[in-house]
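Trainee: I would like to learn how to read single features in a model like this one. Can we go through a few of them in turn?

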Amino acid sequence: MATTVESSSSPLHLILLANALIRCGAYALAQGTRVQQENFGYVLQIYDPKFLAAGSLFSARYILTVAHCFRSNTKPEELTVRAGSEWISREFRGKPVAGLQRHPKFSPLTLRNDIAVLRVKVAIGYSRRINYIALCSAPLRRDKGANRLTIAGWNLVNISQPLKSLEVSVEMEKNCRLWFPQLPGGVSCASFAAGNGDGLCYGDSGDPLITAGGGEICGLAIAFRRCGDKRYPALFTDVHYHRQFIAQAVLTLDREMLKRPRG
């Protein structure tokens, strides 16, 4: 029951519910403002062939996304990606994925290390509608003077809606822990600026948290308390915190590709 988890005496239940609520491939970004797709050309869609999550292209072959949308035994050949599209599909078969690295210490119960890297089989070239985004170069600022960030995603309930964005403000860690006392390292929380029903909803897994001007990706959407409930912030995996895992994942996937026979 939702009312039972609001007590500060049940912090773990609150995190567990947040984890349970963000389901891959259900509802998606509540409200939001339509954006020009080419300005967010690094945001792409991941399918199996049903829509699973959003991903962010940080090079021609590599995509950053969340771990919780993939089973521990998910095979890369089950996945495809779709880049450069303003619209989403319930099912789609796109460019094949050649490699998948979930964080080896990902915990679905605590949300710790909810991050994954995909490698596509064929490079996704830069174009008018497709581009790449840099990884976060510094820790997220959590003070009152920090700039607002942007999150981008789709609405799977109404697939006629295009890519949208919302502004968010990263909360100070002490504020985060008031809502989520057992928040693990590498997870940040952010509140939505508008507060008029705006926020994450089912299916927003992997939506990128982006710095002003779209310069860097600094977070990945992983959980929320209630759709559009402004009383609770949403939770994001901190990209800069996991930079070592990302570098190691790229190295591992490159080595795996070199070992495979050609043809």
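This is a predicted model: local features need pLDDT of at least 70, side-chain atom pairs count only at pLDDT 80 or more; totals for chains, interfaces and linings use all residues.

Trainee: Is Ala83 buried, exposed or partly exposed?

Mentor: The relative accessible area decides that, and buried means under 20% while exposed means over 50%. Ala83 has a relative accessible area of 21%, so Ala83 is partly exposed.

Trainee: Which residues is Ala83 in contact with, leaving aside its neighbours within four places in sequence?

Mentor: Ala83 is in contact with Leu44, Ile124 and Ile130. A distance between C-alpha atoms can be read beside such a list: Ala83 and Gly125 are 42 residues apart along the chain, and their C-alpha atoms are separated by 9.9 Å.

Trainee: Where is Glu77 found, and how does its accessibility read?

Mentor: Glu77 is in the loop between E4 and strand E5 (80-82). Its relative accessibility is 60%, and therefore Glu77 counts as exposed. From Glu77 to Leu100 the separation is 23 residues in sequence and 9.4 Å in space, C-alpha to C-alpha.

Trainee: What should I look for in the backbone itself?

Mentor: Look at the omega and phi angles. The peptide bond between Asp48 and Pro49 is cis, with omega about 15°. Pro49 belongs to the loop between strand E2 (43-47) and strand E3 (51-57).

Trainee: Which residues have a positive phi although they are not glycine?

Mentor: Leu111 is one of them, with a phi of about 75°. Asn113 is another case, with a phi of about 60°. Leu111 is found in the loop between E6 and E7, and Asn113 lies in the loop between E6 and E7 as well.

Trainee: Are Leu111 and Asn113 buried or exposed?

Mentor: Leu111 is buried, because its relative accessible area is 1%. Asn113 has a relative accessibility of 9%, so Asn113 counts as buried.

Trainee: What is the relative accessible area of Asp114, and which residues does Asp114 touch?

Mentor: Asp114 lies in the loop between E6 and E7. With a relative accessible area of 0%, Asp114 is buried. Not counting residues up to four places away in sequence, Asp114 touches Val66, Ala67, His68, Phe106, Ile222 and Thr237. Asp114 and Gly206 are 92 residues apart along the chain, with 9.6 Å between their C-alpha atoms.

Trainee: How do I check a helix, taking H3 as the case?

Mentor: Compare the expected span with the distance between the end C-alpha atoms. Helix H3 (residues 243-259) has 17 residues, and at 1.5 Å a residue these should span 24 Å. The end C-alpha atoms of H3 are 25 Å apart, which agrees.

Trainee: Which residues of H3 are buried, and why do they line one face of the helix?

Mentor: The buried residues are Phe245, Ile246, Ala249, Val250 and Leu253. Seen down the axis of H3, the buried residues fall within an arc of 135°, so they line one face of the helix. On the other side of H3, the exposed residues are Gln244, Leu258 and Lys259.

Trainee: What do the buried residues of H3 pack against?

Mentor: They pack against four strands: strand E4 (62-65), strand E6 (95-102), strand E7 (116-120) and strand E8 (134-135).

Trainee: How does Thr252 in H3 read?

Mentor: Thr252 has a place in helix H3, and at 22% relative accessibility it counts as partly exposed. The C-alpha atoms of Thr252 and Gly99 are separated by 9.5 Å, although the two residues are 153 residues apart along the chain.

Trainee: How is empty space found?

Mentor: Rolling a probe the size of a water molecule over the atoms shows where empty space is left. Here the second largest pocket holds about 220 Å³ of space. That pocket is lined by 14 residues, and the closest to its centre are Leu140, Arg141, Asn147, Leu149 and Thr211. Its lining divides into eight nonpolar, three polar and three charged residues.

Trainee: Which values describe the chain as a whole?

Mentor: The chain has three helices and 14 strands. Of its 263 residues, 53% count as buried. Among contacts between residues at least 6 apart in sequence, 72% join residues at least 24 apart.

Methods
Residues are numbered from 1 along each chain as its sequence is written. Side-chain values use heavy atoms; hydrogens and water are left out. On a 1 Å grid over the protein atoms alone, a cavity is a set of points where a 1.4 Å probe fits but cannot get out, and a pocket is an open set with protein on both sides within 12 Å along at least five of seven lines; lining residues have an atom within 4 Å of a point. Grid points are joined across faces, edges and corners, and a volume is the space filled by probe spheres set on the points. Ala, Val, Leu, Ile, Met, Phe, Trp, Tyr, Cys and Pro count as nonpolar, Asp, Glu, Lys and Arg as charged, and the others, Gly among them, as polar. Helices (H or I, at least four residues) and strands (E, at least two) are DSSP runs, numbered from the N terminus. The expected span of a helix is 1.5 Å times one less than its number of residues. Buried means under 20% relative accessible area, exposed over 50%, partly exposed in between (1.4 Å probe, protein chains only). The arc is that of the directions from the helix axis to the C-beta atoms. Contact means heavy atoms within 4.5 Å.
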